[in-house]
Amino acid sequence: MARQVGRRELLAGTGIAALSAGCLGRTRNIAGRERSSQLTLEINAPPADRDPNAIRIARHLAQNLDAVGVDARINTLGFTDLRRKVLINHNFDVYVGQFREAEPFDPDAMYAFAHSQFVAESGWQNPFGFTDINGTDELLGSQRRVEGDERREAVTDLQRALGELQPFTVVAFPDPLTAVREDRFENWTNRQPLSVGGLLGLERVGAADVGEGGTADGNETDDGANETADRNETDGDLIDDNPLTDGDDGENDAATLRLVTTDERITQNWNPIAAEYRRYGTFTSLLYDRLALVDGGEVIPWLAADWKRVGGSGIEVSLRDADWHDGEPVTADDVAFTYEFLRDTAMGGTESPVPTPTFRGRVSAVDEATAVDEATVRLTLDGVNEPVGVRALQVPILPKHVWDERTGVATIAGLEFDAETTEAVVTNNENPIGSGPLRFVEAAPEESVAFERNPDHFLVREVGGDGSTGGTDDGGSTGDETDRLAGIPERFRGKPAFDRLEIQVMGSDVAAVQAVGDGFADATVSNLGPDSVPRIGREADARLVTGRSGGFYHVGYNTRRAPLSNPRFRGVLASLIDKQTLVDSAFDGYADPAASPLAATPEWVPSDLRWEDRERDPFYPFVGESGSLDAETARDRLREAGYRFDEEGRLLAPGT
Amino acid sequence: MSPLLSVVSSLALWVGSALLVASVAIVGPRRLYALWDDLRDRLWEIRKPLAGLVVVLIASAIGRSSLQTVSELFGLQLTWAIYALEGDFVAWIQATFASPRLTMYFSSVYVYGYVFLLSFPFLAYLALPRTATVKRLVVAYALNYAIGLVVYTIVFAHGPRNVMPDMVTSLLFTHNPEFMALTGEVNEPANVFPSLHTSLSVTVGTFAVLTRREYPLWTPIAAWLATSVVIATMYLGIHWLTDVFGGIALALGAVYLSYRIVDEAEEEGERETDGDGESEDGE
């Protein structure tokens, strides 16, 4: 669109030439009109090495766009740059990406994603600049307030509104494929192998063997207790070299869970609210506890021991006894601070608030958070219903004494660079201090990162001094135990089953699968493409595990820019995407095409919007047959929508 | 990590043996003995260009990731332009020629052949009685790396395997994932233009042609290997044709400059290379 300026200058030159020729009026009428040129759309996607699926969707769309006369340009960018461009700077036409929820989610996740109140904010809130005040906004608002059938109705209408208007085109819900080997860790769930719940639910293989040196499993209470006690001696000092960090011998190695990924971001940044660096936030969730944890649809009181509703719109949360990784106690003050801080990371220090770039929808449901006493917090909700209230409990709780110092405006070398962001949003959060079951050990940027089990976490912490490890024993301090771990399912008690978690960055999905096959890693974390999936079958020790994901692939449009601002135009773009064919080719069949962003929770999707027994999209079916586009029909649709083509069939960009 | 170690040791073994055979066959025992006797003096004589090369390599190793960041933030994102320029040429190469045997051949050439191609001339030219050629070679290597690094920073682009995985298979890594461990240490995936594999191979090829009187046997071997490496960069889906052209231009420029910088007159050459070493520092 910058090109237009150049043309204007050129035309000014022509105008002067014509002026001397005499026919001023007519020339002005012609030269004063801006000529149309071919429409250019830039499609942003990560390169295949990073995400083998997204680029295939981008290619598919680009080819079909080219066929209808649009100059489609694929721009490959690393994850961080892509996110920065799309979520922070809003400087994009089209992007291909994944939604940020790892597991199937409540419909309220759409609130921040599509509500127009967030258009000016940067981060995961409405990156499309989408505004549908009377339709979508109202439905988003009412679905968080009403309950039961009323909510169901609002959610149904919401899906129809989003489907008609297509601020983003849902392509498919990928199966979260993971190549695993089971000789060291087992219990890889077929739900969501690499979620917080999945990782904590792992069991050591052969943990019953005495001499393997495992603290991992509670069955070996005595052995485990000794080991834990040994390590507790060095507890006070976080920086202290854990014996596990330098040891490379078999015994120590056996308790290390080794993961491989193509996503280098976890080796560079541990800021739980950074939109550019978090994919699902699985590992930061293991560093930073949340009040509640949702695992496979089950709500588990986590850092909160319990909560109850008080009055019409309040929740009173009582906290578990917990410490930060630096030894400070977790208090109600920290929790109250977190909610206030996420609403405005500048804590009132700037002209306008600087809200968190992630979890925005969740904290917007909380009006006020106040500490009642050391271990009780009262959250005043913004008149939201139960499920939205529970979502509000799922934000990382941050230590006040660390983040309090990050409320200043972000600076580079002491200079204010951008008054609209704070240190908290841009910090890499080196040496993260959380309260979670894992704590940070070390990292080599772009290569690897290591975490270790937090021996003080409530899942494993020793009670009293009687030497029994947490969770699994059935004798001794049972009374205390039940109290302390109330509400925590058996599968998480005494976990994690590993002493150390190492994540290694690999060059591609193929290399990641190979590393698992060769026994250098226990599981892959990042997405696997059609080149790597068949490989898993050929590796004797590797197995494919999958589950259900909430991270749907979608094509996002920047509705701030013409012609993407036109829902009709977006509708035609959506009809250029053959979801079924993409699932077969880009995902090797390991995905479900979808029309609704809520397709992972079928109970919310009306039957006519479910994909199950249909071949084509209910809103904007693909123009063509099984992968091959009917370009002429697509052009006709564009003509009907008011767009024009030149004699070479190029789609003309409408004047801006 | 172990896969890296195994690739590196197998690389050392194969290239080492190839160097041994080639130096006996091409350089000849007489020159090798002379080189052995005179090694320290000759290395001392070429110390300045050598230091320049080492500086460039160290700068590249240290600065690469920060330059990569600069490139990500401020570089020209040109993937689309390269694709618009040449379209599906690389896909066409793969679709037309790909076969398991060729893949094996080009994969080995890309890794083993390339390392041999770069290391042998250093040995061979060092064995020459006059050091001008080896100085030029080292200067040309340094220029390739230094200029390459600058262009990498300016141009941010991904290769064909990353942009059109539906048509271009990443043949090297699909068939030999262990190589990924090695190349991952050396390369950023967003550094494709120009192709340094191409530029360094063509540099060696050009030198081989220029020194055909000294080593007539080496010229065809170098030409064959260099051409193979150049084709391999595209056949394996790593580079675009545009990167290859960029690499060839860089190579010819580097060779030309190395002749300007290192004069035949040795004394003059000393001073000139001195200056060069410093300018390399600057980059």
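The following legends describe close-up views of a predicted model. Local features are given at pLDDT of at least 70 and side-chain atom pairs at pLDDT 80 or more, whereas totals for chains, interfaces and linings use all residues. Residues are numbered from 1 along each chain as its sequence is written, and chains are lettered from A and ligands numbered from 1 in the order in which they are written.

**View 1. The side of chain A that touches chain B.** In this interface, 24 residues of chain A are in contact with 23 residues of chain B (contact: C-beta atoms, placed from the backbone, within 7 Å). Two or more residues each come from α3 (54-67), β2 (71-76) and α19 (509-517) of chain A; helices (H or I, at least four residues) and strands (E, at least two) are DSSP runs, numbered from the N terminus. The largest contribution, four residues, is that of β2(A). By class, this side of chain A comprises eight nonpolar, eight polar and eight charged residues. Here Ala, Val, Leu, Ile, Met, Phe, Trp, Tyr, Cys and Pro count as nonpolar, Asp, Glu, Lys and Arg as charged, and the others, Gly among them, as polar.

**View 2. Strand β19 of chain A and its two pairing partners**. All six residues of β19(A), 500-505, are buried (20 or more other C-beta atoms within 10 Å of the residue's own, with C-beta atoms placed from the backbone). One face carries Arg500(A), Glu502(A) and Gln504(A), and the other Leu501(A), Ile503(A) and Val505(A). Strand β8 (residues 256-261) of chain A pairs with β19(A) in the parallel sense over six bridges, and Val260(A) has Gln504(A) as its bridge partner. Strand β18 (residues 448-453) of chain A runs antiparallel to β19(A), joined by five bridges; there, Val449(A) is partnered with Ile503(A). Strands are said to pair if DSSP finds at least two bridges between them.

**View 3. A four-stranded open sheet of chain A**. The strand order is β11-β12-β14-β13, with antiparallel pairing. At the edges lie β11 (304-310) and β13 (366-373) of chain A, each of which pairs on one side only. On average, neighbouring strands are turned by 20 degrees against each other, direction ignored. Within the sheet, β12 (residues 314-319) and β14 (residues 376-381) of chain A are joined by five bridges, and Ser318(A) has Thr376(A) as its bridge partner.

**View 4. Helix α13 of chain A on the sheet strands**. Helix α13 (residues 332-343) lies across β12, β13 and β14 of chain A and runs at about 165 degrees to β13(A). Axes are lines fitted to C-alpha atoms, for helices over the stretch in contact, and angles run from 0 to 180 degrees between N-to-C directions.

Conventions:
Contact = placed C-beta atoms within 7 Å. Buried ≥ 20, exposed ≤ 12 C-beta atoms within 10 Å, placed from the backbone.
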